[in-house]
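Here are a few exercises to work through with the sequence and the model open side by side. Try each task before you read its solution.

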Amino acid sequence: MSKRNFAAVIFFAIVAVFLVFGALMMHPFGEFNEDNYPEMDEYIIDNTQNETGADNGVTAVVFDYRGFDTLGEATVLFTAVAGVIILFRRLKK
Amino acid sequence: MSGMSRIVKTVTNVAFPIVMIYGLYVIAHGHLTPGGGFQGGAVVASGLAMLLVAYGSVWTMGKIKEKQLSVLESIGAFGFIGLAFLGILMVYLYSGLQGNFFNNFLINQDIFPIFNELGRGFGNINTAGVIPLMNFAVGLKVIAGLFAIVLVMAYATRLKGVKQK
Amino acid sequence: MIYNIPYIAVVALILIGLYAIIFKRNLIKIVIGITLIESGVNLFLITLAFKQDSIAPIYRGSGSRIMSLPVPHALTLTSIVIGVAVLALMLSLIIHIYKHYKTLDASKIGREKE
Amino acid sequence: MNIIDDLILHSPALIVAIPLLGAFLTPLISKINDKMRNIFVIFIVLLTSAIVLLLANDIYAVCGKIHTYVFGGSSPVTQGGFAIRILFEVDGLNIFMALIATILAIVGVIYSWAFMKENTGLDKYYTLYLLMIAGMFGMILTGDMFNFFVFLEITSIASCALIAFWTNKGKAVDAGFKYIVVSATGALFILFAIAILYGQYNALNMAVLASKIEFSFLDNIALVVLVSGLAMKAGIVPMHMWLPDAYGRAPASVTLILVGVTQASLYGALRMIFTVYGDSLSTTLNQIGDINIELNLILGIFIVALALLTIFIGVLMALKENNFKRMIAFAAVAEIGYMILAIGAALTTIFSAAETDIGTGAMALKGGIFHILNDALDVGLLFLVAGAVYYATKETSLNRLGGLARNMKYTTIFFLIGLLAVSGMPPMNGFASKLIIYESTYQVNPILSIIAILCSILLLAVFVKVFHSAFLGPKQPKFDDVKEVPKSMLLAMGIIACIIIFIGLFPDIVVNNIVQPAVNAITDNSNYISNVIGGI
């Protein structure tokens, strides 16, 4: 094993140990109580019909509450298209 | 990649309209049922990609160029950001309301009563103000964008020298 | 600890992806590694959205009012689209690299003298 | 309500939205003709800059003011103090970075005008260029963690495509691939950290998170993952291998914006460490005897060690590099080292109880933030000069260049200014910020500043060698018909050179008016929280 590989293995092991410990410390799957009450999401669920008029809560979040993220997301796709086209363009005029 | 066999082409011909309709349905009902502009756009784009696989990239490139797709995508993106900009102008439209970028300017107003409806779980399509319009803009953008990516990559990696059937 | 199994799955996905990125030399495998990390993170976001006995956050005429959290769904949607964009660009670059060097071995590309 | 007030009110959104709009419209406009497109792009960039200046004027008018902008709603927080909508929170640090980005954007567009003229695919080039600028502004101005991630991805995808712009060169494509792998991995790390924080506190807004953070074990992991992701993007040493390739192979006008993107990532690290984690960094982790081992101390020492390594490796690799642009790229790595050296030194001291230590920390931060501005200008100017040399001679290797000063007078002068500035010589701006860094690190530990000064001198040696071999020396017959570069490129370099000399001659004006508000903004995170979510 080369030196570089050795360092990589140690790095990998450290990351693995910390992530597994982190996973064990998360709040139990699917359980919410007073400590981690999801106030932001509950607000959205309660008010989505009145504030945005949409029945679909996820679409309400995507296009209204976090609309600017969606603009960014659309831009990412636009960027990728421009990037792919620029990479496969003709090089000579 | 040139075209595939006749069986594939026939099946594609049958399946293509269904995929289109389903994708457009998902886009149009984005604010009512699971889905939206991105998901429906991806469905339509995958239908177009199926066409690309069946008929080959050279044939498809003859029908539509990536430049045209790029213009379509620009129009979709412009529609989306334009609807967002209209939120700012809301303050001039309805007196007394302070609007911001991305305001849902069609909801809670009384100038266009038809769009004013709130969702109450009945599945009315004219609910949610500006969201369906944004869904359409994003849908157009995603269709053109994803198909442009697939088309350009397929055309660039085509086998040269193979005659098209 | 049985309730933490989804998180363990997330960690496993991320670690497999990281392993591919660090130790593999084939460019396609590196790309697969990145996609795996991305799936892990997306799975994590979706895991955070789940609430027991809940339905998807979509109102119908009637039905349960206990809904899973909508924000992580929206974040995952964004993250998936971003993933597609990154993937498209990476694959295009790989096509170009293969055209230039006729190999996908990371240790053999970009070493020529100018 | 008049139009200027409206513009200022909506300015945080407009600064990002106008370049985006420009990018969406560029493919349509370039259908008309090329000249129209160029005018359109420069118009968009100038409009954005005007709005940035308006906003800056507004922010600097009142001390400690934070301009909060809500997307799609009127009130930033709902009752109970949680932000559901995306907020842009512009304080002294944001606007400082935005000013840097503005300078780079204007200069870059003017420079590309002539520099890229002979290439194909220019409409997409300008589209991606505007997207890069928009993404950079978005990263800088946003106050939402996930929004930060989205804009990070926009910049990294756009810059990756532009790095590989010359696809006929294998090395350029290779550099682009390296860049996208590193930045995609880094961005996914950042997203993972955001998800951890979201799962704990059910919040994505920076100010809300800062008010809620408790510093559990998971927060520790999130901090480490976040900072390592941002460090990947910023090119700090163990993850620096993409940077010389990407900087060296990209067109010079793209490299200029890449410098800004790197610094936006650095800004992200600053914002996360000092504002989001803020006071909870001084949590005591362990106690040995009488000494409290605090987290900020460990983090600070770690960052200082990385910074020294970064400076050292950057300078050493620059010494043995033969490619003109790659050599400058290694110098840029070293310069990033100086900034994080200042940040690390500030971390070790600023949370301490003693008054003098806090003063030292604030001074180190001042030096570090000032150096962000200076580094962008100095390194940017050097890259533009390297691009100009490539444009005139089509030659990148330092071994084959020589005697260019005879034919390219102005470029030579600009290179001289750049080399003096980047190595911290007195009449230029680099001296002013490096002096503050030396002073503050000397108070933390004298060895740090000694190493920093030595490396700076080595950097001077590197550049003097280049100056001698490329610009001076005997006349070479093959460069006889080399001409001075077109006027627009000279104008672009001239703008940066003028700003460099201005800051070098009057550093006090800049430090007092621009840098000090940024330092105040970063050290006072309670002001940030209370301004955004209203006294909770």
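**Exercise 1: the interface of chains D and C**

Across the interface between chain D and chain C, the rule finds zero salt bridges, a salt bridge being a side-chain nitrogen of Lys or Arg within 4 Å of a carboxyl oxygen of Asp or Glu. This is a predicted model, in which local features need pLDDT of at least 70 and side-chain atom pairs count only at pLDDT 80 or more, while totals for chains, interfaces and linings use all residues. Residues are numbered from 1 along each chain as its sequence is written, chains are lettered from A and ligands numbered from 1 in the order in which they are written, and side-chain values use heavy atoms, leaving out hydrogens and water.

Task: describe what chain D and chain C bury between them.

Step 1. Chain D brings 35 residues to the contact and chain C brings 35 residues (contact means heavy atoms within 4.5 Å).
Step 2. About 2800 Å² is buried between the two chains, and carbon and sulfur atoms give 82% of that area. Buried area is the accessible area (1.4 Å probe) that two parts lose on being put together, summed over both.

**Exercise 2: a helix pair in chain D**

Task: work out how α5(D) and α6(D) are oriented to each other.

Step 1. Find helix α5 (residues 145-163) and helix α6 (residues 170-201) of chain D; their axes come within 9 Å and cross at roughly 175°. Helices are DSSP runs (H or I, at least four residues), numbered from the N terminus. Axes are lines fitted to C-alpha atoms over the stretch in contact, with angles from 0 to 180 degrees between N-to-C directions.
Step 2. The two helices are therefore roughly antiparallel (angles over 145 degrees).
Step 3. Among the residues that meet are Phe146(D) and Phe149(D) from α5(D), and Tyr179(D) and Ile180(D) from α6(D).

**Exercise 3: burial in chain D**

Task: is α9(D) enclosed or open, and what surrounds it?

Step 1. Eight of the eight residues of helix α9 (residues 242-249) of chain D are buried, so this helix is largely enclosed by the rest of the structure. Buried means under 20% relative accessible area (1.4 Å probe, protein chains only).
Step 2. Trp242(D), Asp245(D) and Arg249(D) are among these buried residues.
Step 3. Their packing partners in chain D include α5, α6 and α8 (217-234).

Task: where does Arg37(D) lie, and what does this residue touch?

Step 1. Arg37(D) lies in helix α2 (residues 34-61) of chain D and is buried, with a relative accessible area of 4%.
Step 2. Not counting residues up to four places away in sequence, Arg37(D) touches Thr26(D), Ile29(D), Ser30(D), Leu122(D), Asp123(D) and Tyr126(D).

Notes:
Angles under 35 degrees count as roughly parallel, over 145 as roughly antiparallel, 65 to 115 as roughly perpendicular and the rest as oblique. Buried means under 20% relative accessible area, exposed over 50%, partly exposed in between (1.4 Å probe, protein chains only).
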